[in-house]
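This report goes through a structure chain by chain and contact by contact. Please view the sequence and the coordinates alongside the text.

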Amino acid sequence: MTTAASPPQPPLLLIEDTPSLQMVYRSVLTHAGHAVRSAGSAAEGLSAFRDTGATVVLLDLMLPDRDGLDLMQEMLALRPETAVIVITANGSINKAVEAMRAGAYEFLVKPFDETRFLGAVENALAGRAAGRPRLARPATRRPGTPEAPRPIPRSEAAPPPPPAPINATTPGPATAFVGSSERMARLQGMIRSVARSMATVFITGESGTGKELCALAVHEYSPRASGPFIALNCGAIPQDLLESEVFGHVKGSFTGAISDKPGAAAAADGGTLFLDEICEMAPALQTKLLRFLQTSTVQPVGATRPRKVNVRIVCATNQDPLDAVRRGHFREDLYYRLYVVPIHMPPLRDRGDDVIEIAETALARFAAEEGRRFDGLSPEVEALFRRLPWPGNVRQVLNVIRHVVVMNEGGLVTPEMLPDIVADEPGPAPPLPAIDGQDREPALDALIGKPLAEIERLVIEATLKRFDGSVPKAARILELAPSTLYRKIDGWK
Amino acid sequence: MTGHDPTGIFGTSTALHDILVLAGPETAPRLLQQIHADLVAVASLLLPALPPPHDWPQIRRQTHVLISLAGTIGAMRLHGLAIEMNTAAHDQDCSRAAALLPPLEADLTGLIALVGLRLPGHGVVA
């Protein structure tokens, strides 16, 4: 009896037009045990791609006979499962970013070191071997309620716990997004699509829209889903501890460092590191994060040697990141490195009837948890929910429904059962009195001469007063996330 | 070790040596010849394009190759100059290009000479 041999692995396809560089890359790859087929032009590369069945392609974006990006798109159209690692010279990073958005698996900026080069290839090969999509996998963290992002501990001092396996029949996190609106359908398709690459994902959206859930979905649909998912809130950790939280420290490196600590980047090795509120990161740490992204190495505080790690970065903010760059709060080079695949989480008010589906799903779940029986939402409540602006988004809906379930015995949910802040909601916030040309100058005169921070505070306090202290309403008028407003108010105490 | 390098083109980098060791004794001479040939090809197209009126597309193309090639073999000063010249070409910045021309030309020709010294028949080993 003979044992069936596994089919031979197709060679790596290397498309590079500078002959000496082609020889160097080939040497590195063959030395590491890989079979390689080389091509010096786009035409030759495409022909080899068709002939060899290559599943991993190393592609120089600047080719003499055709744009490398265009070639990549043709290859992905022929075999969408191909992992294309684009290689380009420093100075063409925008081109590489464009390639990532078009479906490249990873990009390398020349010159790169051997370890990073081989690491990218091995990750790509591992991803192919794992197959995709995988609909249910273990994960480190999952949200506890439909669409509810797991709150990130405000002072997470230690690395997160090891992965907790989840029942294999548990649906993937993308199915945890409740809502059948077209926007959410598009979003879920996008998550599945970007998950397979190593591209950095930049999630934007208001507070409560489910940014962490989105990050978790990207992780769980990716080839690295069996690895850890580590979440870190850059805005919640004191800046002087953040470096240690991200990169770790060695015992004795500073007062209070009583033992070695690996840090989030090392804890995420083989998995995904989710950096929430990335725009809150201190400038000094931004520099270190950039170096980490360029070298894939971490150097714990007090350590003498860096350590290589294999981490995919997903980050999020409720701010406009480009505005943070313009204001000088966020490094432009880091922005371009991170803002590869942007995903915007839509606010609930733009998701049509999703609010009803979310509320009903949450009602059923919370009722089961509390051992109560509810019969759904009354038409009046449904109408009210459709009308409300929901500045706190999904998180606010979940809080409202939780309140209903806790404070009532059961039955049909009517407006009287809702918390006051929702039941009394008059709809769109009343406009502030207009200041016409004549009145504007005296109003501004009172502000001239004051520092901008004080002017901001005066305006925020006046707006809060106008809305009887309601932060969500004031935040909506000021076009800020409520969490931002809370943070500012806390800062004044 | 990068052998005789009076101009400091390689600095302390051992990248070229490492690459040749990795390539092995059979491939290393061919690889060295190819690196030399590629550098000569870049120089033959780049240096005539640099003086006014500046052939900007050609400068961009050739500095792009030079960034990768110089960086890969550890000629980091030339690598940096190539990046700067590439940026100047993108911006069509004549004065910047003029300022970069002498050091870039000196390092490029120096590098070609250094690599040439290592070619079979010149008696210098990697």
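## Nonpolar cores

The model is predicted. Its largest nonpolar core has 68 residues. Those with the most contacts inside this core are Ile85(A), Leu39(B), Leu66(B), Leu108(B) and Leu111(B). Helix α1 of chain B, residues 15-49, gives the most to the core, with 15 residues. Another core, of 50 residues, lies apart from it, and includes Leu71(A), Met72(A), Ala195(A) and Ile343(A).

Leu39(B) is one of the residues with the most contacts inside the largest core. Leaving aside neighbours within four places in sequence, its contacts are Leu66(B), Leu69(B), Ile73(B), Leu108(B), Leu111(B), Ile112(B) and Val115(B).

## Interface of chains A and B

Between chain B and chain A, about 1,600 Å² is buried, and 73% of this area is on carbon and sulfur atoms. On chain B, 18 residues are in contact with 18 residues of chain A. The two chains share zero salt bridges, and two residue pairs are in polar contact between them, both at pLDDT 80 or more.

On the side of chain B that touches chain A, the elements giving two or more residues are α1, α2 (56-73) and α3 (76-91) of chain B. The largest share, nine residues, comes from α1(B). By type, the residues of this side of chain B are nine nonpolar, seven polar and two charged.

## Salt bridges in chain A

Over all chains, the structure holds 21 salt bridges. In one of them Arg183(A) pairs with Asp350(A), with the closest N and O atoms 3.8 Å apart.

Arg386(A) and Asp353(A) form a salt bridge through their side chains, at 2.7 Å from N to O. This pair links distant parts of the chain, 33 residues apart: Arg386(A) is in helix α14 (residues 379-387) of chain A, and Asp353(A) is in the loop between β12 and α13 of chain A. Arg386(A) is partly exposed at 43% relative accessibility, and Asp353(A) is partly exposed with a relative accessible area of 42%. Elsewhere, a network of salt bridges links Arg50(A), Arg66(A), Asp70(A) and Glu74(A).

## A salt bridge in chain B

In chain B, the side chains of Arg96(B) and Glu84(B) form a salt bridge, at 2.1 Å from N to O. Arg96(B) belongs to helix α4 (residues 94-118) and Glu84(B) to helix α3 of chain B, so this pair ties together parts that are twelve residues apart in sequence. Arg96(B) is partly exposed, with a relative accessible area of 34%. Glu84(B) is partly exposed as well, at 33% relative accessibility.

## Phe229 of chain A

Phe229(A) lies in strand β7 of chain A, which spans residues 229-233. Is this residue buried or exposed? With a relative accessible area of 0%, Phe229(A) is buried, since buried means under 20%. Phe229(A) and Phe274(A) are 45 residues apart in sequence, and their C-alpha atoms are 7.3 Å apart in space.

Key:
Residues numbered from 1 in each chain as written. Chains lettered and ligands numbered in written order. Predicted model: local features only at pLDDT ≥ 70, side-chain atom pairs only at ≥ 80, totals over all residues. Heavy atoms only, no water. Helix = DSSP H or I, 4+ residues; strand = E, 2+ residues; numbered from the N terminus. Buried < 20%, exposed > 50% of the residue type's maximum accessible area, 1.4 Å probe, protein only. Core = buried A, V, L, I, M, F, W, Y, C linked by side-chain atoms within 4.5 Å. Contact = heavy atoms within 4.5 Å. Buried area = accessible area lost by both parts, 1.4 Å probe. Salt bridge = Lys/Arg side-chain N within 4 Å of Asp/Glu carboxyl O. Polar contact = N/O pair within 3.5 Å; in protein donor to acceptor, adjacent residues only side chain to side chain. Nonpolar A, V, L, I, M, F, W, Y, C, P; charged D, E, K, R; others polar.
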